[in-house]
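Visitor: I would like to go through this model with you, one question at a time.

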Amino acid sequence: MVLEATMICVDNSEWMRNGDYSPTRFQAQADAVNLICGAKTQSNPENTVGVLTMAGKGVRVLVTPTSDLGKILACMHGLEVGGECNLAAGIQVAQLALKHRQNKKQQQRIIVFVGSPVKYDKKVLEMIGRKLKKNSVALDIVNFGEEDEGKSEKLEALLAAVNNNDSSHIVHVPSGSNALSDVLISTPIFTGDGEGGSGFAAAAAAAAAGGVSGFDFGVDPNLDPELALALRVSMEEERARQEAAAKKAAEEASKQEKGGEQPSASQDATMTENVSAAAPGAEDKTSDLMDDENALLQQALAMSMDDPAASVVTRDTDMSEAAAEDQDLALALQLSVQEGSKDQASQTDMSQLLADQSFVSSILASLPGVDPNDPSVKDLLASMQSQSESEKKDDEDKAPKEDSK
Amino acid sequence: MSAESASATQKTLADLLDFVDWSGVECLNQSTSHSLANALKQGYREDEGLNLESDADEQLLIYIPFTQVIKLHSIAINGTEEEGPKTVKLFANREHMGFSNVNDFPPSDAVVLSLDNLKGKPVVLKYVKFQNVRSLTIFVEDNQSGSEVTKIQKIVLYGTTVETTDMKGLKKIEDH
């Protein structure tokens, strides 16, 4: 959570028209800039970011360091490509802009995108680097675009001159299918020397990955966390019910561990956090997937009962892609459970309610699209009833907690 | 009059280390392994092996804010014969200076340190200029031998406080 003022130097020279980064070098750069601004402002709300362009008619400061993300994004919009990049002047102007930052407590950082060839020689760059180091300004260099004779060497020399205690970094991004922003996400430029922006980075990474790999239910948890969670919950509830019928003993042990955590979350509409993992990150058990209809039905029942702990433990075997977020969510879920109700008593409650056939059928009748006479529904009810009886037996063994809602 | 005030302060000169506001202390161009604490802090500065060293070049810019307003009488800077500082400029009450604007203002006092000074003899400053000091900026311009690195072993500030409310202990105050 380093308090930082950052100046981003954007290369908008003619070299940026090239399409070797999709869609164009300039567009890739703009995306990266937007991401960086977001990451910086998220990691610490008092961070400020400013942007300047190095090419065009000359070095021009588009926005002085501000914490207003909207302003930054607005100025990135409608930038024109043209002219030649003036790296030395750009860095010096950035340094000046940082010097006049409002909050003197902020650390100074410059992020420079070098896409065109570097026409300055090493000596000049080293001098600039030393001056930056003297004024305790950190420098991050993104080397992309043109692969010039000695460009990498010069930039490495610049980095060596500036680098004070590993606070400055250089990233070489080769052209190719990977977007510039994706490559940058994993670098220390984003993660801020290992601390800070990791939350944002993880979210961004998940979003990026999600777009490619797809999710269980075709719903991106980042876009619609509650729906994704509800679907996942219903899936797992059904799986869990099946397991309960099959292996009571094993379930008892795990029930005690994490009974109502995850279901309570499903009821919690205020859970707007980045919820994609419903499982508390427990041990995995392979189980068969019930068909969706039953699963959704379970979920609907649970929700209509307005009962936080609708069912037993959740198992999750398909959560590999969102694994990174499981732990955070597990923690969040656990916390919410402490405040919410516990599983045992409510489970007993739930089982009793479910056992009441008439009640259940009336509920079902009220649900749109569910025909109580549907054989699958009847089967379900029967299985639920038998299961609720077995659950009752289990519950009596445990010490029931107060049912608090 | 200055003699009187000088003698008056002689009785009550204190080491102003207690009044340094450590949260705001900054030093530009210091090397990370040899930082300002080595020269200023109580235990460290006595240790001859621990120095404040400059990094990219021989200049240093030290900013010391105080917790209360003080009067600065003299300063003692210890260093080695060759790499100790030579020309030192002091600025009172200028916040957040940088190397670029350090020559824009006339210093409150400028001192050329002799070898004696480097052994610990305090340099008496223009007391009238340091009557109401909230923060002190020390700009070390060059060192004795002109080497790339300036090393400072100890910095001691001598002076008195202005306010009467001194919670730390009982000190004689000259003003009322």
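The questions below concern one residue of a predicted model and then the interface between two chains.

Visitor: Is B:Asn117 buried or exposed?
Guide: B:Asn117 sits in helix H4 of chain B, which covers residues 115-119. Its relative accessibility is 9%. A residue counts as buried under 20%, so B:Asn117 is buried.

Visitor: Which backbone oxygen does the side chain of B:Asn117 reach?
Guide: Beyond four places in sequence, B:Asn117 is in contact with B:Ile77, B:Asn78, B:Val112, B:Pro122 and B:Val123. The oxygen in question lies 3.1 Å from the side chain of B:Asn117 and belongs to B:Lys121.

Visitor: How much area is buried between chain B and chain A?
Guide: Eleven residues of chain B are in contact with nine residues of chain A. On the chain B side, B:Thr32, B:Ala56 and B:His96 lose the most area, together 39% of what that side buries. Carbon and sulfur atoms give 49% of the area buried between the two chains, and that area is about 930 Å².

Visitor: Which residue of chain B forms a salt bridge with A:Lys133?
Guide: Two salt bridges are counted between chain B and chain A. In the one that involves A:Lys133, the closest N and O atoms are 3.5 Å apart. A salt bridge requires such atoms within 4 Å, and the partner of A:Lys133 is B:Asp55.

Visitor: How many charged residues has the side of chain B that touches chain A?
Guide: Between the two chains, four residue pairs are in polar contact. By class, the chain B side has three nonpolar residues and six polar ones, and its charged residues number two.

Definitions and conventions:
Residues numbered from 1 in each chain as written. Chains lettered and ligands numbered in written order. Predicted model: local features only at pLDDT ≥ 70, side-chain atom pairs only at ≥ 80, totals over all residues. Heavy atoms only, no water. Helix = DSSP H or I, 4+ residues; strand = E, 2+ residues; numbered from the N terminus. Buried < 20%, exposed > 50% of the residue type's maximum accessible area, 1.4 Å probe, protein only. Polar contact = N/O pair within 3.5 Å; in protein donor to acceptor, adjacent residues only side chain to side chain. Contact = heavy atoms within 4.5 Å. Buried area = accessible area lost by both parts, 1.4 Å probe. Salt bridge = Lys/Arg side-chain N within 4 Å of Asp/Glu carboxyl O. Nonpolar A, V, L, I, M, F, W, Y, C, P; charged D, E, K, R; others polar.
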